[in-house]
Amino acid sequence: MGPDAGWWARSTQALAEGRYNEVDAHRMPTWQILVAGMMHIEPDVVLAGHLTNHLLLLLVGLLVYLLGRAGGGRGVGLGAAVIVLLSGAMIAKSLQYSADMAVVAFVLLSLYMAHLASRWKILAPLAGVTVGLTMVSHFTMLPYALPALVFMLMRWQGGWYLRLKSAGGFLL
């Protein structure tokens with residue numbers, strides 16, 4: 001369990017039960033929404049939180065593979081994903097009841113969406129929404145729009161006009 005797991009659990013339980021006035025305003029909403037959604041499958045808030053974190057660990061492995069493949073090929077992606085999935089720190093975080101796995105997963109999802117938006121500019125607004133979800137996954141993630149935006153602009157194939165246009169869609 002994380003150091004403030006009880007507070008997260010109480011707030012998530014209130015969210016799942018529709019008691020919105022009891023949701024802790026100090027808890028960023030992304031992970032709570034994921035766990036509250038998981039409570040439709042597993043009604044116990046603690047077990048739903050653990051199941052959510054285990055699934056987020058699998059998502060982290062997939063996203064590391066996709067980012068590694070985009071940057072260095074299949075072998076690089078597979079090697080990076082295996083290292084991350086077997087990492088003791090990542091496994092330990094997936095066993096805790098905390099928002100840490102959501103933070104890691106959403107940072108990687110933001111970078112991958114930025115990569116996709118650099119290839120297909122129509123996805124820039126969706127990448128921006130993903131970064132918005134990342135920013136509200138934890139208070140420490142508020143500045144994380146900048147790395148995804150820079151990543152997208154650096155990978156963009158085309159002139160400056162198209163880069164600025166996709167950046168506008170991203171920021172929109």
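**Words and cut-offs**

Tutor: Helix α3 (residues 45-72) gives the nonpolar patch its largest share, 3 residues. Helices here are DSSP runs (H or I, at least four residues), numbered from the N terminus. This is a predicted model, where local features need pLDDT of at least 70 and side-chain atom pairs count only at pLDDT 80 or more, while totals for chains, interfaces and linings use all residues. Residues are numbered from 1 along each chain as its sequence is written, and side-chain values use heavy atoms, leaving out hydrogens and water.

Student: Why is T52 called buried?

Tutor: Buried means under 20% relative accessible area, exposed over 50%, and partly exposed in between (1.4 Å probe, protein chains only). T52 has a relative accessible area of 5%, so T52 is buried. T52 sits in helix α3 and touches W31, L34, V35 and M38, not counting residues up to four places away in sequence. Contact means heavy atoms within 4.5 Å.

Student: What makes L85 partly exposed?

Tutor: The relative accessible area of L85 is 30%, so L85 counts as partly exposed. You will find L85 in helix α4 (residues 74-85).

Student: How do you know that the buried residues of α9 are on the same side?

Tutor: The buried residues are R163, S166, A167, G169 and F170. They cover an arc of only 160° around the axis, so they lie on the same side of α9. That arc is taken from the directions from the helix axis to the C-beta atoms. On the other side of α9, Y161, L164 and L171 are exposed.

How values were computed: Helix = DSSP H or I, 4+ residues; strand = E, 2+ residues; numbered from the N terminus.
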